[in-house]
Amino acid sequence: MHDLVIRNGTVVDGTGRPRFQGDVAIDAGVIAALGEVAAPGQREIDASHLLVTPGWVDVHTHYDGQVTWDPMLAPSSWHGVTTLVMGNCGVGFAPVRPGTESFLIELMEGVEDIPGTALHEGIDWRWESFPEYLDALAAMPRVLDVAAQVPHCAIRAYVLGERAHDVDLRNEEIAEMARLTQEALRAGAIGFSTSRTILHRSRHGLVPGTRSTPEELLAIGGALGAAGHGVFEMVSDLQGQEPDLSWMKEFCRQTGRVLTFALAQSPIQPHAWRETLGCIDELAAEGLRIVPQVPCRPTGMLYGLQSSLHPFIAHPTYRQELAHLPHAQRVERLRDPAVRARLLAEEPSVDNPIARVLMTNWSFIFPLGDPPDYEPRPDKSVAATAARAGRRPEEVVYEWLLERDGRQFLFAPLANYVDGNFDALREMMLHPRTVLGLSDGGAHCGLICDASMPTYLLTHWVRDRSRGARIPLEHAVRLQTGNTAAVYGLTDRGTLEPGKKADVNLIDLDALHLHVPEMVFDLPAHGRRLVQRVDGYRATIVSGAVTFEDGEPTGAQPGRLVRAH
Ligand SMILES: [Zn+2]
């Protein structure tokens with residue numbers, strides 16, 4: 001008698017091999033058998049007409065704070081994620097010197113747009129060192145497994161105090177950072193992360209470590225080499241080009257560890273990504289493991305009247321008379337023809353030229369629609385719609401923002417949408433050395449909601465895409481399971497094979513449906529965040545326990561802290 005038998009499903013096992021009809025037997029949280037299972041289960045689930053896949057492994061999230069108070073970790077858990085990796089992009093909450101917690105919160109708020117008030121109220125700081133942070137996480141049950149990377153900003157703040165932003169450091173300071181990194185890895189950190197982009201700022205300016213020298217990064221790399229495990233994760237404007245590339249190569253040669261960095265098709269250098277991938281191929285031939293991390297849809301913002309940005313947010317009338325009003329009242333005022341006329345006659349008062357360009361980039365602002373369309377045709381843009389109607393783009397946007405009772409979102413892709421389609425993205429996703437990531441689950445609460453990417457991979461790339469080639473089911477599943485798990489050394493999961501951890505999704509692919517994102521106010525201190533609901537996951541199973549059934553949590557909390565060793 002098995003603990004659980006999933007009967008007669010379409011098994012897509014995460015290795016990339018062809019699907020097959022069969023059963024999955026689970027004992028003691030581990031997959032016991034696959035194929036035809038004769039013995040009965042204490043519980044049996046009929047999976048006829050359902051896909052049976054490994055649970056999704058999402059390697060790029062920012063739940064570092066939320067994980068300390070919220071066992072549900074939505075929206076990722078709603079979307080079939082059974083293991084998530086936090087501590088990306090250099091920000092996080094350990095190590096921390098007592099009395100300096102606010103600094104780390106300000107960094108997280110600045111970089112990842114997670115409300116600082118929510119973090120202040122939500123986090124109960126029961127740790128100072130990174131190992132103590134891991135112990136605090138390990139003491140809490142939750143619906144899914146989590147793994148943490150040690151963030152460079154926190155290490156710098158811990159060692160350097162007020163001088164956290166300094167570039168030139170003493171040798172002993174660098175050595176201390178390497179020692180703390182090694183201590184964190186020995187305690188089970190799954191990697192180290194840093195930020196080298198001018199886009200990541202807090203009220204203190206560029207985040208600590210943005211301009212760190214190769215000497216510092218290689219010294220910390222030495223800690224990964226000595227620990228014998230751990231991924232080096234980075235976001236950098238250089239995207240794998242020189243002068244980063246030199247020390248990246250050196251890092252891989254010296255440590256043998258994996259280095260992963262965010263890769264995107266940028267509007268400024270629309271072809272650079274292809275050169276980078278060519279270079280990565282050459283390095284791979286040398287045995288260097290550099291893994292560009294790519295998303296499965298454009299990195300884009302959701303403009304709306306409840307978001308952090310929309311094209312009228314900096315207009316004087318909006319700022320002075322509307323911004324502070326509750327949503328319903330604001331919508332009512334915006335419908336007033338006199339208010340409309342004033343706003344349409346004004347110019348935004350933005351000092352930041354980048355923000356101004358973004359908010360008036362009419363050819364790259366689209367209605368998100370329902371169901372949400374993340375690969376909109378260029379003729380759907382604000383610019384195209386306005387031109388056809390002989391109207392100003394501002395008039396079109398004004399109307400769109402008021403749709404759905406002022407809850408309509410406009411999709412403004414920033415990267416990976418230069419050509420107005422997903423062809424470049426597809427090439428990046430299918431490149432053998434990339435890994436899927438960048439969902440940023442738990443982050444960018446006022447402007448982005450990409451925790452649903454694993455679902456979108458199936459709905460759009462496998463099932464619905466009409467503007468170009470799709471991705472075969474088996475390959476798509478492997479990208480979000482076997483491949484992500486392998487890059488992070490999570491060898492006990494990511495595929496459905498005897499002996500592997502029983503993390504499983506049962507999916508009705510025909511019914512899989514992404515809802516429109518919505519703004520909710522359920523973070524601590526009534527903090528707001530964008531979430532996105534989904535239908536079609538019949539069940540999600542973590543370590544053999546059913547955590548969600550038809551979208552509803554069962555109350556089971558089998559999720560644990562994953563300690564890397
Ligand atoms: Zn990130």
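Me: How much space lies in the largest cavity, and what makes a set of points a cavity?
Reply: The largest cavity holds about 110 Å³ of space. On a 1 Å grid over the protein atoms alone, a cavity is a set of points where a 1.4 Å probe fits but cannot get out; its volume is the space filled by probe spheres set on the points, which are joined across faces, edges and corners. This is a predicted model, in which local features need pLDDT of at least 70, side-chain atom pairs count only at pLDDT 80 or more, and totals for chains, interfaces and linings use all residues. Side-chain values use heavy atoms, without hydrogens and water, and residues are numbered from 1 along each chain as its sequence is written.

Me: Why is the site of the zinc ion called irregular?
Reply: Donors are N, O and S atoms within 2.8 Å of the metal (3.2 Å for Na, K and Ca), and H60 (NE2), H62 (NE2), C89 (SG) and D440 (OD) coordinate the zinc ion at 2.1 to 2.7 Å. The angles here run from 74 to 167°, and the site is irregular.

Me: What parts of the chain does the pair H62 and C89 tie together?
Reply: H62 lies in the loop between β6 (56-58) and β7 (81-86), and C89 in the loop between β7 and α1 (101-112), so the pair joins parts 27 residues apart in sequence. Strands (E, at least two residues) and helices (H or I, at least four) are DSSP runs, numbered from the N terminus.

Note on methods
Tetrahedral: all angles 85-135°; square planar, octahedral: opposite > 155°, others 65-115°. 1 Å grid on protein atoms, 1.4 Å probe; cavity = no way out; pocket = protein on both sides within 12 Å on 5 of 7 lines; lining within 4 Å.
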